[in-house]
Amino acid sequence: MSTYRAGIIGAGGIAGLGILGMHDEEDIGRKKFTASHAGGYDAAEDIELVAVADVDEEKLDRFGEAWDVPEDGRYVGHEAMLESEDLDVVSVCTPSYLHHDPVVDAARSAAEPAAIWCEKPIASSVSDANEMVAVCDETDTELVVNHSFRFTEKQRRLAELVREEDLLGEVHSVSMQFRMELLRNSTHLLDTLVQLLDARAERVAGHITGENEAVDSLEAGETVDDAGGGGFVVMDDGSFATVDCTIPRADSSMTMQFVGSEGKLYLNNDDGEWRYWRLDDGDHVEVDLAEYGIEGAWTWEDDYERAFPNAARHIQDVLDGEAENRSPGDVATRSLEIIVGFYLSHYTGGQVSIPLDRPLRDVEITSW
């Protein structure tokens with residue numbers, strides 16, 4: 001089995017430096033964080049992180065020292081790295097509104113990566129996402145989007161139960177809550193909706209609060225469009241979903257409730273509580289999910305931490321030809337188009353149909 005060479009574009013928090021509000025400030029840039037792209041590569045037996053690129057030289061050196069990337073593997077600007085390195089996989093860890101160019105450049109570059117591991121959300125406009133997917137298809141590059149919940153064992157098993165083993169039957173209604181902001185956080189909820197139902201939005205209506213906590217918590221140098229908000233979504237399988245991402249971080253819990261013809265499901269990822277009730281002769285009877293192969297509930301401390309090593313190992317399996325891409329770009333676009341739909345609905349005062357018409361696909365929502 002080969003050892004694959006990896007490079008990272010964007011030497012920030014999710015790449016491996018650590019994130020303000022999630023990690024202790026004294027650890028940022030010094031400690032190796034498992035829940036990161038570098039942490040994923042570090043845990044994968046046959047992937048070696050050999051290069052990193054960023055426009056900030058101070059951040060670049062800080063990252064290189066923290067993750068033992070040699071000086072000749074540190075590049076100012078991703079173009080220089082892609083010209084100089086022979087890479088099997090490239091991570092794109094820039095802010096989401098800067099995902100498009102590095103993904104397209106990497107797919108078309110002399111580095112010729114077989115896979116690109118792009119942070120979520122896939123892009124800040126549906127047009128950008130569509131082009132990223134198209135270019136990766138043209139160059140035979142696997143575009144793997146880091147909707148990290150897809151790489152946790154419990155959610156993968158849950159998707160099998162809902163989609164293949166009819167745990168809920170026909171899903172009628174879904175309600176979802178998480179903290180603000182929409183692109184930065186709601187993308188997790190909406191990708192879970194898309195994954196569990198194997199569906200795409202058909203119509204949305206939305207509300208935008210204009211509030212954003214991330215700019216302060218990240219000590220960002222500029223503001224972005226991303227804000228708290230939510231709305232309703234009618235999926236193409238007929239299910240109806242409500243999404244609420246208006247809640248301040250300090251007060252929030254990530255909760256999801258699914259109601260179907262065969263049962264109902266309650267997921268609370270902040271408090272580590274997953275519960276299921278089977279519908280028997282008109283009565284909901286609680287059944288331990290352990291009977292279906294899910295031991296305990298999903299937690300940030302355990303499942304989320306393992307998601308990054310799991311994702312890196314999955315990419316290794318894809319490169320080895322032993323697995324199909326679990327989080328492809330076209331599916332990742334489904335959550336983005338819902339969020340863009342929320343914004344369009346809020347500012348036009350009407351409902352929005354999906355897929356978006358061509359001019360609407362160009363609407364850009366910037367986020368970190």
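This is a predicted model: local features need pLDDT of at least 70, side-chain atom pairs count only at pLDDT 80 or more; totals for chains, interfaces and linings use all residues.

Reader: Which residues is Lys154 in contact with, leaving aside its neighbours within four places in sequence?
Author: Contact asks for heavy atoms within 4.5 Å. Lys154 meets that with Trp274, Ile294, Glu295, Gly296, Ala297, Trp298 and Asp303, once neighbours within four places in sequence are set aside. Lys154 itself belongs to helix α7.

Reader: Is Lys154 buried or exposed, and what makes it so?
Author: Lys154 has a relative accessible area of 13%. Buried means under 20%, so Lys154 is called buried.

Reader: And Glu164, is that one buried or exposed?
Author: Glu164 has a relative accessibility of 65%. Exposed means over 50%, so Glu164 counts as exposed. Glu164 is found in the loop between α7 (153–163) and β7 (171–179).

Reader: Let's turn to the rings. How many aromatic pairs are there?
Author: The search of the whole structure gives 10 aromatic pairs.

Reader: Why is the pair Tyr276 and Tyr292 called edge-to-face?
Author: Two values decide: a pair of aromatic rings is described by the distance of the centres and the angle of the planes. For Tyr276 and Tyr292 the centres are 5.7 Å apart and the planes stand at 85 degrees. The limits are centres within 6.5 Å for a pair, and planes over 60 degrees for edge-to-face, so this pair is edge-to-face.

Reader: What makes you say that Tyr276 and Tyr292 tie parts of the chain together?
Author: Tyr276 is in strand β13 (residues 273–280), while Tyr292 is in the loop between β14 (283–287) and α10 (300–319), so the pair ties together parts that are 16 residues apart in sequence. Tyr276 and Tyr292 are both buried.

Reader: Why does the pair Tyr304 and Phe308 get its name?
Author: The ring centres of Tyr304 and Phe308 lie 5.5 Å apart and the planes are at 85 degrees, so this pair is edge-to-face. The setting is helix α10, where Tyr304 and Phe308 are 4 residues apart and therefore separated by about one helical turn. Tyr304 is buried at 9% relative accessible area, and Phe308 is buried at 1%.

Reader: Which residues form one aromatic cluster with Tyr304 and Phe308?
Author: The cluster also holds Phe149, Phe178, Trp298 and Trp300.

Reader: What charge sits over the ring of Trp300?
Author: That is the charged end of Arg179, 6.0 Å from the ring centre. Over the face of Trp277 it is Lys264 that lies there, at 5.2 Å from the ring centre.

Reader: How do you know how many disulfides there are?
Author: A disulfide needs two cysteine sulfur atoms within 2.5 Å, and by that rule the count is 0. For Cys136, the nearest cysteine sulfur belongs to Cys118 and is 8.8 Å away. Cys136 is buried, at 2% relative accessibility. For Cys245, the nearest is again the sulfur of Cys118, 20 Å away. Cys245 is buried too, at 0%.

Reader: On to the strands. How do you know that β8 pairs with β9 and with β15?
Author: Pairing takes at least two bridges. Strands β8 (residues 201–208) and β9 (residues 229–235) have 7 bridges and run antiparallel. One place to look is Ala205, whose bridge partner in β9 is Phe232. Between β8 and β15 (residues 352–353) there are 2 bridges, again antiparallel. There, Arg203 has Ser353 as its bridge partner.

Reader: What makes β3 and β6 edge strands?
Author: The open sheet has 6 strands in the order β3-β2-β1-β4-β5-β6, with parallel pairing. Strands β3 (74–76) and β6 (142–146) each pair on one side only. On average, neighbouring strands here are turned by 20 degrees against each other, direction ignored. Inside the sheet, 4 bridges join β1 (residues 4–9) to β4 (residues 89–92) in parallel, and Ala6 stands opposite Val89 in β4.

Reader: Which strands does helix α5 lie across?
Author: Helix α5 (residues 100–108) lies across β1, β4, β5 (115–119) and β6, at about 175 degrees to β5. Helix α10 lies across β1, β2 (47–54), β4, β5 and β6, and runs at about 155 degrees to β5.

Conventions
Residues are numbered from 1 along each chain as its sequence is written. Side-chain values use heavy atoms; hydrogens and water are left out. Rings of Phe, Tyr and Trp (its six-membered ring) pair if their centres lie within 6.5 Å; planes under 30 degrees apart count as stacked, over 60 as edge-to-face and the rest as tilted. Buried means under 20% relative accessible area, exposed over 50%, partly exposed in between (1.4 Å probe, protein chains only). A charge sits over a ring if NZ of Lys or CZ of Arg is within 6 Å of the ring centre and within 35 degrees of the ring normal. Axes are lines fitted to C-alpha atoms, for helices over the stretch in contact, and angles run from 0 to 180 degrees between N-to-C directions.
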